[in-house]
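Subject: Structure handover

Hi,

Here is the structure I promised to pass on. Please load it first, then read my notes below.

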Amino acid sequence: MLRLGLVGCGAIAHTHTANIVNKLKGAQITFVFDVFSAAAQKIVRDYNLTAKIASSIDELVNSEEVDAVLVCSRNDAHVEPILAAIKAHKPVFSEKPLATTYEDCQKIVAAEIEENQRFLQVGFMRRYDPFYQQLKQTIDGGKIGKPLMGYCRHFTAEPATNYFETPNMINDAFIHEIDIIHWLFGDDYVSVQVQYARQNSLNKNDNLVDPQIATVKMKQGAIVNTYLTQNSQYGYDVKCQIIGEKGIAELPDMPKLEMHSAGKIYHEIDHDWTYRFEEAYQLEMQDFIDQATRHEAPTGPTAWDGLVAAITADNAVESQQSQQVVEIKLPERPVLYQ
Ligand code: ISE
């Protein structure tokens, strides 16, 4: 049994803990930490964990009863437990985004380079979604020829909180496409532009510009547009269409019962964003557990992927100010991540 130390006990920690306890194999949570001790106590209670509550990140990471670390704390608090885990040579899974500043991402990459070993997996769970996997295999298999352009839709029915603001559209929502698009195309970004479309009068968040359209361009010339709203009203709707030289590959609408009712034929759509990637959350964590158990480096998104996403997101937020194209300058990819 892989013994996990959990840092941060909020909503996403509950998702992972429920999976570890009820669905996944080979791991148990032995230590938990949260700056709010009530949150730590609650997660232990809710899932009947036989876990100890740590009084510091250091105590948790360095405990002999912890083999690997899960970081589910606030975005700006990821860096401390990640660096501590790397120093202790323990595998670490961190929720996305890797960190909130480029400097913090750099510190994490530098720490792994210093140890000459990869310990970290970033929670870009979409890469584990079976349909995104098929999309990737289809592109890589050459079935649609070289990928030329694409269209993504990232619609949420309503903002998760009333403090979801304009930059959150990038850092919480578009960040998923940022990761998935460069992975699907196997190419690096050269620029990003964010534009504002006609505003949705049903949006209740004062500091949120909604909808937005983000366009990324890649080294080999491909362009992908992502339509973003947190106010679709009708449901959580994620699409991705890749157009190649001789065909199109596209994520399907999620399979739901076909309803014949009250004079209509229709399929329902989930309201909430937590269900669409339920399986992906389980698969990413099982992969992390299995690799850690085998004492092998994680195979999922790396610290480098986290850094690329952070740079691209920073540039996208910059573009929000002017709505003009912002050039993306990525540092050279270190050997450890090639
Ligand atoms: C939310 O914060 C998330 O993290 C979801 O993954 C994303 O799809 C959604 O748009 C965000 O609001």
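Helix α7, residues 168-185, gives the largest share of the shell around the ligand: three residues. Bear in mind that this is a predicted model.

**Ligand site**

The residues surrounding the ligand are Lys96, His154, Thr156, Phe164, Asp172, Ala173, His176, Gln230, Tyr236 and Trp273. Sorted by class, that shell has four nonpolar, four polar and two charged residues.

In tyrosine 236, a side-chain N or O atom is 2.6 Å from an oxygen atom of the ligand. For threonine 156, the corresponding distance from a side-chain N or O atom to a ligand oxygen is 2.9 Å. Lysine 96 has a polar side-chain atom 3.1 Å from an oxygen atom of the ligand. How much of the ligand does the protein bury? The ligand taken alone exposes 300 Å², and the protein buries 93% of that.

**Backbone points**

Most peptide bonds are trans, and most residues other than glycine have a negative phi. Here are some exceptions to look at.

Lysine 96 turns up again here. Its peptide bond to proline 97 is cis, with omega near -10°. Proline 97 sits in the loop between β5 (92-94) and α5.

Another cis peptide bond links aspartate 210 to proline 211, with omega about 10°. Where is proline 211? Proline 211 is in the loop between β8 (189-196) and β9 (212-218). Leaving out residues up to four places away in sequence, proline 211 touches Tyr196, Ala197, Arg198, Gln199, Asn200, Leu228 and Thr229. From proline 211 to phenylalanine 164 is 47 residues in sequence and 13 Å in space, C-alpha to C-alpha. Phenylalanine 164 is one of the residues around the ligand.

Asparagine 116 is a residue other than glycine with a positive phi, near 55°. Asparagine 116 lies in the loop between α5 and β6 (120-122).

**Helices α4 and α5**

Two packed helices are described by the angle between their axes and the distance between the axes. Helix α4 covers residues 79-87 and helix α5 covers residues 102-115. Their axes come within 10 Å and cross at roughly 5°. Angles under 35 degrees count as roughly parallel, so α4 is roughly parallel to α5.

Which residues meet there? From α4 they are Val79, Ile82, Leu83 and Ile86. From α5 they are Asp104, Lys107, Ile108, Ala111, Glu112 and Glu115. By class, this contact has six nonpolar, no polar and four charged residues.

That is the set. Over to you.

Best wishes

How values were computed
Residues are numbered from 1 along each chain as its sequence is written. This is a predicted model: local features need pLDDT of at least 70, side-chain atom pairs count only at pLDDT 80 or more; totals for chains, interfaces and linings use all residues. Side-chain values use heavy atoms; hydrogens and water are left out. A residue is near a molecule or strand if one of its heavy atoms lies within 4 Å of it. A polar contact is a pair of N or O atoms within 3.5 Å; within protein, one must be able to donate a hydrogen and the other to accept it, and residues adjacent in sequence count only if both atoms are side-chain atoms. Accessible areas come from the Shrake-Rupley method with a 1.4 Å probe; for residues, only the protein chains shown count as cover. Helices (H or I, at least four residues) and strands (E, at least two) are DSSP runs, numbered from the N terminus. Ala, Val, Leu, Ile, Met, Phe, Trp, Tyr, Cys and Pro count as nonpolar, Asp, Glu, Lys and Arg as charged, and the others, Gly among them, as polar. Axes are lines fitted to C-alpha atoms, for helices over the stretch in contact, and angles run from 0 to 180 degrees between N-to-C directions. Angles under 35 degrees count as roughly parallel, over 145 as roughly antiparallel, 65 to 115 as roughly perpendicular and the rest as oblique. Contact means heavy atoms within 4.5 Å.
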